[in-house]
Amino acid sequence: MELFDVVFLADVLKDEVYRLLFHDLKSYRLDFAGDELNLMEQEFQRLYHEANLNQIGSALIMVGTLERILIDLLRHSLQEAPEPAGDQTMTQQQKLNMSLVYLHHHFREPLTLKEVAAQVHLSANYFSESFHSSYGIAFQQYLQDLRLRFAQSLLISSDFPISHIYAAAGFQTLSHFERAFKHKFGLTPRQWRQGKHEAGKEQ
């Protein structure tokens, strides 16, 4: 077996491609055979080759190849047999897993527990209890941790002002962001960023 594991940020996709892929909750598992399989494998091989080649234009080729792969996957999914009728065919755990997919795509938006529960067709109370039971963490805490980790990555990888980072991560106020960040990481965002910059200089 040969496995191609492709990890990418949603930001690399054109808005039109992103809307096509993620306009609805879906779990894609697709089987290819014959010529379709060979073509798909060639696309993944090209992606792998350009990632390691790192020559002029490689990043552009990788984005184009990734978009072709994703659109081909979408087209193939629409050609396959229709999904089982009725939401009742999904187990509770499948619904919870799909809620995580939705969270990871939309955590920077002003989400509510009720909205996410509705996406997977569960009542808010039942979803809240099931989420905590399955993942050992409350929904709101999980959502906040996602936002904090995203903000932490921006503090590391960018020079964006903190006044922009908290909003980009989905927080409504700077004061709430700073309190939550310090509670989780033991430092304020400014202290944490400064510590990382000083550590980088020492290296």
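What follows is a conversation about the terms that apply to this predicted model.

Biologist: Why are helix 7 and helix 9 called roughly perpendicular?

Modeller: Helix 7, residues 139–157, packs against helix 9, residues 174–185, at an angle of about 90°, and their axes are 11 Å apart. Angles from 65 to 115 degrees count as roughly perpendicular, and therefore helix 7 and helix 9 are given that description.

Biologist: Which residues of helix 7 and helix 9 meet there?

Modeller: From helix 7 come Gln 144, Asp 145, Leu 148, Ala 151, Gln 152 and Leu 155, while helix 9 brings His 176, Phe 177, Ala 180, Phe 181, Lys 184 and Phe 185. Sorted by class, the residues of this contact are seven nonpolar, three polar and two charged.

Biologist: What makes helix 4 roughly perpendicular to helix 6?

Modeller: The axes of helix 4 (residues 92–106) and helix 6 (residues 124–135) cross at roughly 90° and come within 11 Å. Because the range for the word is 65 to 115 degrees, helix 4 is roughly perpendicular to helix 6. Their contact has seven nonpolar residues, six polar ones and no charged ones.

Biologist: How many residues are in the largest nonpolar core, and which of them have the most contacts inside it?

Modeller: The largest nonpolar core has 33 residues, and those with the most contacts inside it are Leu 103, Phe 127, Phe 131, Phe 139 and Phe 177. At least two residues of this core come from each of helix 4, helix 5, helix 6, helix 7, helix 8 and helix 9, and helix 7 gives the most, with nine residues.

Biologist: What does Phe 177 touch, leaving aside its neighbours within four places in sequence?

Modeller: Phe 177 is in contact with Leu 148, Ala 151, Ile 162, Ile 165, Tyr 166, Phe 171 and Pro 189. A second, separate core has six residues, including Val 17, Leu 21, Leu 70 and Leu 74.

Biologist: How do you know whether Glu 50 is buried or exposed?

Modeller: Buried means under 20% relative accessible area, and because the value for Glu 50 is 5%, Glu 50 is buried. Glu 50 lies in helix 2, residues 34–53, and touches Ser 58, Ile 61 and Met 62, not counting residues up to four places away in sequence.

Biologist: Why is the aromatic pair of Phe 131 and Tyr 135 called edge-to-face?

Modeller: The whole structure holds ten aromatic pairs. In the pair of Phe 131 and Tyr 135 the ring centres are 4.9 Å apart with 65° between the planes, and because planes over 60 degrees apart count as edge-to-face, that word applies here. Phe 131 and Tyr 135 are four residues apart in helix 6, which means that about one helical turn separates them.

Biologist: What makes Phe 131 buried but Tyr 135 partly exposed?

Modeller: Phe 131 has a relative accessible area of 0%, so it is buried, whereas Tyr 135, at 26%, counts as partly exposed, because that term covers values between 20% and 50%. Phe 181 and Trp 192 also form an edge-to-face pair, with 6.2 Å centre to centre and 80° between the planes. This pair links distant parts of the chain, since Phe 181 in helix 9 and Trp 192 in helix 10 are eleven residues apart.

Key:
Residues numbered from 1 in each chain as written. Predicted model: local features only at pLDDT ≥ 70, side-chain atom pairs only at ≥ 80, totals over all residues. Heavy atoms only, no water. Axes fitted to C-alpha atoms, helices over the stretch in contact; angles between N-to-C directions. Parallel < 35°, antiparallel > 145°, perpendicular 65-115°, else oblique. Contact = heavy atoms within 4.5 Å. Nonpolar A, V, L, I, M, F, W, Y, C, P; charged D, E, K, R; others polar. Core = buried A, V, L, I, M, F, W, Y, C linked by side-chain atoms within 4.5 Å. Buried < 20%, exposed > 50% of the residue type's maximum accessible area, 1.4 Å probe, protein only. Phe/Tyr/Trp six-rings, centres within 6.5 Å; stacked < 30°, edge-to-face > 60°.
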